[in-house]
Amino acid sequence: MALPAELIHRVEEALDEEEKEVLAFLCRDVAEDLVPHDARDLLATLSERGQLSSLGLAELLYRVRRFDLLKRVLRMDRAALEAHLCRHPGLVSDYRVLMMEIGEDLDKSDMSALTFLMRDYTGRGKTAKDKSFLDLVIELEKLNLVASDQLDLLEKCLKNIHRLDLKKKIEMYKQSEPMKMSVQESGAFSPQRTPLERYRMQSRPLGTCLIIDCVGNAAEVLRDAFSSLGFEVQCFLYLAVSDVAQVLRQVASSPQHREQDSFVCVLVSRGDPCSVFGVDRAHSGLPLEQVRALFTGDACPPLVGKPKLFFIQSYVVSEAGPGTSSLLEEDGPAVTSVESRGVRPPPPTLHQEADVLWSQCVAHACLLEQPGTVPSVYLQGLSQQLLQDRKCPLLDLLVRLNHTVYDWNSKVPSQQRYSLSLQHTLRKTLVLSSA
């Protein structure tokens, strides 16, 4: 299905001319037969031909580092998108990403020298002095002098202008194909090999799945999902904060972790984005940071090197009411993958210890007060994904879950929407099934 025209218009309108030029270059492999009038025409045509999906558009925004549009317009989480690109071929080839990266690292004097050297190949006077590096690459491609597997000329010229650092990048590209490029906030790229190694998931049971549901609307569906995957599920309902902390400490100290390959913790509770209240109406809450700290390598050695997964559904309680709570501001930074105008999740605080995944959904507590309350759309969607496609890598399932929640948010009032935040330090592919 073609992307909505309104979506393409919003993206194109927000890009500057240089970003549009880069975007057109990145799309050349799939748009060889097109002569678009502008970026909007290019995106619309590719979409109508079935060559540009929402994930493809997200990748393009990711490549030009418009992370703000990725979050604000497409409602996608950068970490989840990176994980998806590491596992699946993207719209943009590694070759085009490499050319873009080289172009960004060339200053005016480099370009002047490079353009001069290319005169021996492009013809004297044919290369305009004001052309960008990407323009030069396109010209060389038309002359069959440069291609994804034909970079010797470019290497030679980079060596002649003493840009050995960029020549080295081409050498690394040749040696490590295929690779994916992960964009950093600083604007640099770091190559990441497609992760082939998987976490061991062979123990019986696969691990302990601790479910603490202080609301009472999610335990059953979660118990069924994780039990069917092969986890030993321990479920606790309607706990006070002190009891939540006690149960967590007991599970963290369990000797069973030594014989198991993973650990899952699900918390469903009223609170704020940074703590859980349990069934206590007036309490400072248990900080989520303390929950995570109980299962780090120092605190729980048997889980070192094993995936530790946390799924949190927080129902935000605001004493000041929906109109005045600072938690309900619409402006300011956010780390959501599916942003709700009603509630904003906390800033990222994931401990950098390896093998941790932290998936948190924030919603307004008013959802619990409506007649015929149903389980969290987030947790219900998670359970369905796990049951329907247990062989799929977990990070890919969470990308699909983002779309499920986004579809929900597009159909309901602001205070009924959900916000997702995903952070992880997983080092390998994780599939929650031993079969």
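Here are some numbered notes on the predicted model shown above.

1. **Ground rules.** This is a predicted model, so to speak of local features a pLDDT of at least 70 is needed, and side-chain atom pairs count only at pLDDT 80 or more, while totals for chains, interfaces and linings use all residues. Numbering runs from 1 along each chain as its sequence is written, and side-chain values use heavy atoms, with hydrogens and water left out.

2. **Overall picture.** The protein has 17 helices and 10 strands; these are DSSP runs numbered from the N terminus, with helices being H or I of at least four residues and strands being E of at least two. Of the 435 residues, 54% are buried. Buried is under 20% relative accessible area, exposed is over 50%, and partly exposed is in between, with a 1.4 Å probe and protein chains only.

3. **Surface and contacts.** The accessible surface comes to about 20,000 Å², and carbon and sulfur atoms own 50% of that. The areas are from the Shrake-Rupley method with a 1.4 Å probe, and for residues only the protein chains shown count as cover. Take the contacts between residues at least 6 apart in sequence: 72% of them join residues at least 24 apart. Contact here is heavy atoms within 4.5 Å.

4. **Cavities.** On a 1 Å grid over the protein atoms alone, a cavity is a set of points where a 1.4 Å probe fits but cannot get out, and lining residues have an atom within 4 Å of a point.

5. **Lining of the largest cavity.** The residues around the largest cavity are Leu 55, Leu 74, Arg 75, Met 76, Asp 77, Ala 80, Leu 81, Val 399, Asn 402, His 403 and Tyr 406. They split into 7 nonpolar, 2 polar and 2 charged. Helices α6 (78–87) and α17 (394–409) each supply at least two lining residues, with the largest share, 4 residues, coming from α17.

6. **Where the largest cavity sits.** The largest cavity lies between domain 1 (5–92) and domain 3 (207–317 + 351–425), because both give residues to its lining. The domain bounds come from an automatic or database domain assignment.

7. Ile 8 sits in helix α1 (residues 5–14) and is buried, at a relative accessible area of 5%. Leaving out residues up to four places away in sequence, Ile 8 touches Leu 3, Arg 40, Leu 43, Ala 44 and Ser 47. Ile 8 and Leu 43 are 35 residues apart in sequence, yet 6.9 Å apart C-alpha to C-alpha. Ala 14, also in α1, is partly exposed at 27%. With the same exclusion, Ala 14 touches Glu 19, Arg 66 and Leu 69; its C-alpha is 9.3 Å from that of Arg 66, 52 residues away along the chain.

8. **Backbone points to check.** Most residues other than glycine have a negative phi, and most peptide bonds are trans. Arg 65 has a positive phi of about 60° and belongs to the loop between α4 (54–63) and α5 (67–72). Asn 144 has a positive phi near 60°, in the loop between α10 (133–142) and α11, and is exposed at 60% relative accessible area. The peptide bond from Arg 204 to Pro 205 is cis, with omega near -5°; Pro 205 is in the loop between β2 (189–192) and β3 (207–213).

9. **Helix α11.** Buried residues in α11 (residues 152–160) are Leu 153, Leu 154, Glu 155, Cys 157 and Leu 158. Just after α11, His 162 takes a positive phi of about 65°.

10. **A buried loop aspartate.** Asp 261 is in the loop between α14 (241–252) and β5 (262–272), and is buried at 8% relative accessible area. Beyond its neighbours within four places in sequence, Asp 261 is in contact with Arg 200, Met 201, Gln 202, Ser 203, Leu 206, Lys 306 and Pro 307.

Definitions and conventions. 1 Å grid on protein atoms, 1.4 Å probe; cavity = no way out; pocket = protein on both sides within 12 Å on 5 of 7 lines; lining within 4 Å. Nonpolar A, V, L, I, M, F, W, Y, C, P; charged D, E, K, R; others polar.
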